[in-house]
Amino acid sequence: RGMKVISFVPRKTAGIAYAEKMGGLYLEINPGTDTILNYALARIIVENNWQDAEFVDKWINNRTENDREVFQADGYDDFKRWILDNRYAELAVAEDITGIPREKIQLAAEWLAKPRADGSRPKTSFGFEKGLYWSNNYLNTASITALGLICGAGNRPGQVISRFGGHQR
């Protein structure tokens, strides 16, 4: 039904090979560099103003809307400044660290958030395995969540952020 799957893991599995055969995109990532990829994707989206502005304006709070004193960006504009100033979010740096060619990172960002010619937005969901937060809990979880939120994923039909289930034995 037109769904595209983007997978980033160190080794291609049978499931990823099938998704790729069906038009999906496989990003063969160096282990432990997920945060850098998420930063680069977010930066490309922000640089091109592909964020889901309506969702961000309505649902992403800033410090004045949150009474907790925790580390966070002070709204979207603060996040935008931070990601654009973050050297690790630069495409050339991300390519070098993650091992993923810049063309594939750019394509993934386009699939995630680039508005279509008619102005409509892609419906993007983000799913991750628990290995994502086993390796670098906070940065991986925060970076993929921030990426999902700027794409408008947040408990909407066809637009969610979720951990895949299951337990290893």
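**Entry 1: α2 against α7.** I began with the pair α2 and α7, and in this predicted model the two helices pack at an angle of about 10°, with their axes 8 Å apart. Angles under 35 degrees count as roughly parallel, and α2 and α7 are therefore roughly parallel to each other. I then listed who touches whom: from α2 I noted Asp-34, Thr-35, Asn-38, Tyr-39, Leu-41, Ala-42, Ile-45 and Val-46, and across from them in α7 I found Leu-132, Asn-136, Leu-139, Asn-140, Ser-143, Ile-144, Leu-147 and Ile-150. Sorted by class, this contact holds ten nonpolar, five polar and one charged residues.

**Entry 2: α2 against α5.** Next I looked up helix α5, residues 91–98, whose axis lies 9 Å from that of α2, at an angle of about 155°. Because angles over 145 degrees count as roughly antiparallel, I wrote down α2 as roughly antiparallel to α5. The crossing of these two helices is left-handed. On the α2 side I recorded Ile-36, Leu-37, Ala-40 and Ile-44, and on the α5 side Leu-91, Ala-94, Ile-97 and Thr-98. I counted seven nonpolar residues and one polar in the contact of α2 with α5, and no charged ones.

**Entry 3: α2 against α6.** I then turned to helix α6, residues 102–113, and found that its axis and that of α2, residues 34–47, come within 9 Å and cross at roughly 60°. Here α2 passes α6 in a right-handed crossing. The α2 residues that I noted are Leu-37, Ala-40, Leu-41, Ile-44 and Ile-45, which meet Ile-105, Gln-106, Ala-108, Ala-109, Leu-112 and Ala-113 of α6. The contact of α2 with α6 comes to ten nonpolar residues and one polar, with no charged residue.

**Entry 4: the largest pocket.** Last, I looked up the largest pocket, in which about 1,300 Å³ of space lies. Its lining is made of 41 residues, and those that lie nearest its centre are Val-5, Ile-6, Ser-7, Phe-8 and Gly-127. I noted β1 (6–9), α2, α6, β3 (126–128) and α7 (131–150) as the elements that give two or more residues to this lining. With five residues, α7 gives the most.

Conventions. Residues are numbered from 1 along each chain as its sequence is written. This is a predicted model: local features need pLDDT of at least 70, side-chain atom pairs count only at pLDDT 80 or more; totals for chains, interfaces and linings use all residues. Side-chain values use heavy atoms; hydrogens and water are left out. Axes are lines fitted to C-alpha atoms, for helices over the stretch in contact, and angles run from 0 to 180 degrees between N-to-C directions. Helices (H or I, at least four residues) and strands (E, at least two) are DSSP runs, numbered from the N terminus. A crossing is left-handed if the near helix is turned anticlockwise from the far one by less than a right angle, and right-handed if clockwise. Contact means heavy atoms within 4.5 Å. Ala, Val, Leu, Ile, Met, Phe, Trp, Tyr, Cys and Pro count as nonpolar, Asp, Glu, Lys and Arg as charged, and the others, Gly among them, as polar. On a 1 Å grid over the protein atoms alone, a cavity is a set of points where a 1.4 Å probe fits but cannot get out, and a pocket is an open set with protein on both sides within 12 Å along at least five of seven lines; lining residues have an atom within 4 Å of a point. Grid points are joined across faces, edges and corners, and a volume is the space filled by probe spheres set on the points. Angles under 35 degrees count as roughly parallel, over 145 as roughly antiparallel, 65 to 115 as roughly perpendicular and the rest as oblique.
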